[in-house]
Amino acid sequence: MMPSRSAWLVMALVLLFGVEAWAEPPATIELDAELRERCLTVIRAGLTSDQFWPAMHAAEALTLAGHGDEVLRALASRTAQDDQQQCGLAREAVRAGDRRQIHALLEILIKPGSNGHIHAAESLFKVAEVGDGRALRAALAQSEDLRLKLMAAAALARAGHPRALDDVRAQLKHDDREIRKVAVWILGQLGQQSDIAGIRACLSREDDALARAYCANALACLGDAEGKRLLAENLAAEDPAVRTYAADFAGYARNIDQQAKLAALLGDKKLDVRVRAAQSLIALSLPPSQLGLPIAIAKEDLARDVYAATAEHPRYSEGSIAVLTDGSLLFATTEFVGGGADHATARIIARVSRDGGRTWGKPRVLQENVGKQNVMSATLRRLMPGRHDGPLGLVYLVKNGPNDLKAYLRISTDEARTFGEPILITDAPGYHVMNNDRLTVLTSGRLVCPVAWTDDVHKPGRGHFVSWCYLSDDGGRIWRRSAGQVDQPQRGAMEPGVIELNDGNVLMIVRTQLGHVATSRSTDGGDHWSEPAALSVKSPEAPATIRRIPATGDLLLLWNNSHQPGAGHGGPRTPLTAAISSDEGQTWRHVRNLETNPDQGFAYTSVLFVRDRLLLSYYVSEKGRISSRFRSLPVSWLYESP
């Protein structure tokens, strides 16, 4: 039997939201059929009640119980009275598996005069989404609204920002009790053992019952025995708000021994207490790794050779990954037949993962071979800036010969089930190389396709390349070549990639034969280009990839950190290295190797940030064959000491 959509969602939460790091997972409770049905009855009654926020909490609980489809149907019939309530509806829809609603949260976050700014940041934290990170980073940088600043810090910290919690910890001693409560609430879910002392100190100074409950819940989530004891006491508190929060956090804190008290609260006179108690009972019946909780942020480094080379298909390479609106991953790559040369027969195929990359479905053809030689080098990209539900573009190359290589775009409006007719991007004669995963969408909406061109790749020296861009300002229907281009000595400027900088300029990086990655800048959206310069990293003649990390705004560079003058291609394509720049590419730090096997080569990387994860694909070459590898690791890995 195939798992339901909700079951797939739970499996996706396992990988994308958290894999518990404990060596021995704590025990779970067993809910008998009668008690589980009581829980579901309470939750469903809450979901259909006229009390808005208890209904949203019930939606969260029912999704956790594996009934996300039921939640989406119920939410569709509800309306919001203001932006705060709209955040609740969007948040629970995202949590139930509809990523299209992420955009609503990001819009409310920046909407002038909205009463939903804090709720939007809090909701983005709860669903572990930050968009491109710009709005949340701006909220973190401001000081006029401290609660907004703290919630933005929580969202960014959950997405991998290594320093965002420093702003939260600083507020444990704030004079305003409400600010202290928010700081404690966040640290209880994202903090470390070292935060226990600060929260205990906060507890000792609080004389308000609800503020003390916040501290107790946070301590309990961090494993503090006294915190767990106080949380258990609060399940019987007279104050209904204290009972509600205790019932809520009992599941987060794994208070296994409170099953009887939680079951008794299913009959509490307050609806929110009943709903939260039911949710915690269900949570305690599941392993922590299946809860999708921020307190179980994933540290797993997952690698899968999704497309392993065979005698029949000796090369799988130049791939790209997209996340679909239901949270599944679509991984497209080039499948070669019979040979591994660039001109061998090939087509674009794809596989889907519904559990964050742990397992993959059967391959299907995205683009048949319509070239005299092949089609190759896939890019999957949303074509509207900031949208998780916009049209999905598939860019690919059609190769007819050494002097005829063109890039095409096909657009899907049904989440890659079908794609429209091909649109020619490169309308000039010659050989146009556009690497995989290269289309860039600027904040203006302009689409930028960087290409390297030569008239004939079989000329002596394999042709001299110059790089330029093809630009579209209408969503990809009409394209024009940039006015300027970039050149380099020897074989030229090859395999370009572009990224938009914080000042609105566009940075191009290109492969060279000079022992480094060359760069050029455009001040007009990729139309004209400056004289080339060099990044401060050594490199063989191999492609590099550059992206912006949403949580921090830093640039990420992936390349082969080596150079051997005189060797073929300037040396092997190993190691595969990552580095971070906080000054828009001027300097690079946190240099870490992703792959180091000297007997293999690694290149043609694709990059995608999903929640707190960095998702990569790249080719792995060994003994004449090339496989396509999927890699998923926490964004925080990029900032850790090796």
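Analyst: **Strand 8 and beyond**

Strand 8 and strand 9 (residues 423–424) run antiparallel and are joined by two bridges. Across this pairing, Y408 stands opposite L424 of strand 9. Please keep in mind that this is a predicted model.

Strand 8 itself covers residues 404–412, and seven of its nine residues are buried. Its pairing with strand 7 (residues 392–401) is also antiparallel, and here there are nine bridges. To get from strand 7 to strand 8, the chain makes a hairpin through two residues. In this pair, K399 is the residue opposite L405 of strand 8.

Strand 10 (residues 430–433) is another partner: strand 8 and strand 10 run parallel, with two bridges between them. L405 turns up again here, as its bridge partner in strand 10 is Y431.

Let us go on to the open space in the model. Rolling a probe the size of a water molecule over the atoms shows where empty space is left. The largest pocket has a volume of about 1400 Å³. It is lined by 45 residues, and those closest to its centre are G131, D132, G386, V441 and P550. By type, the lining consists of 26 nonpolar, seven polar and 12 charged residues. Among the elements that each supply at least two lining residues are helix 8 (134–141), strand 2 (316–323) and strand 6 (374–382).

Two of those elements lead to backbone angles worth a look. Most residues other than glycine have a negative phi, and most peptide bonds are trans. A128, in the loop between helix 7 (117–127) and helix 8, has a positive phi of about 60 degrees although it is not a glycine. A128 is buried as well, at a relative accessible area of 6%. E318 belongs to strand 2, and its phi is also positive, at about 55 degrees, though it is not a glycine either. With a relative accessibility of 3%, E318 counts as buried too. For the peptide bond, look at T574 and P575, which are joined in the cis form with omega about 0 degrees. P575 sits in the loop between strand 20 (555–560) and strand 21 (576–581).

The last stop is R180, found in helix 11 (residues 177–190). R180 is buried, with a relative accessible area of 5%. Beyond residues up to four places away in sequence, R180 touches several others, including D175, E206 and C202.

C202 is buried in turn, at 2% relative accessible area. Its closest cysteine sulfur, in C215, lies 4.1 Å away, so the two are too far apart for a bond. C469 is in no disulfide either, and there the nearest cysteine sulfur, that of C449, is 8.4 Å away. C469 has a relative accessible area of 0% and is buried. Across the whole structure, a search finds zero disulfides.

Methods: Residues numbered from 1 in each chain as written. Predicted model: local features only at pLDDT ≥ 70, side-chain atom pairs only at ≥ 80, totals over all residues. Heavy atoms only, no water. 1 Å grid on protein atoms, 1.4 Å probe; cavity = no way out; pocket = protein on both sides within 12 Å on 5 of 7 lines; lining within 4 Å. Points joined across faces, edges and corners; volume = space filled by probe spheres on them. Helix = DSSP H or I, 4+ residues; strand = E, 2+ residues; numbered from the N terminus. Nonpolar A, V, L, I, M, F, W, Y, C, P; charged D, E, K, R; others polar. Disulfide = S-S within 2.5 Å. Buried < 20%, exposed > 50% of the residue type's maximum accessible area, 1.4 Å probe, protein only. Pairing = 2+ DSSP bridges. Contact = heavy atoms within 4.5 Å.
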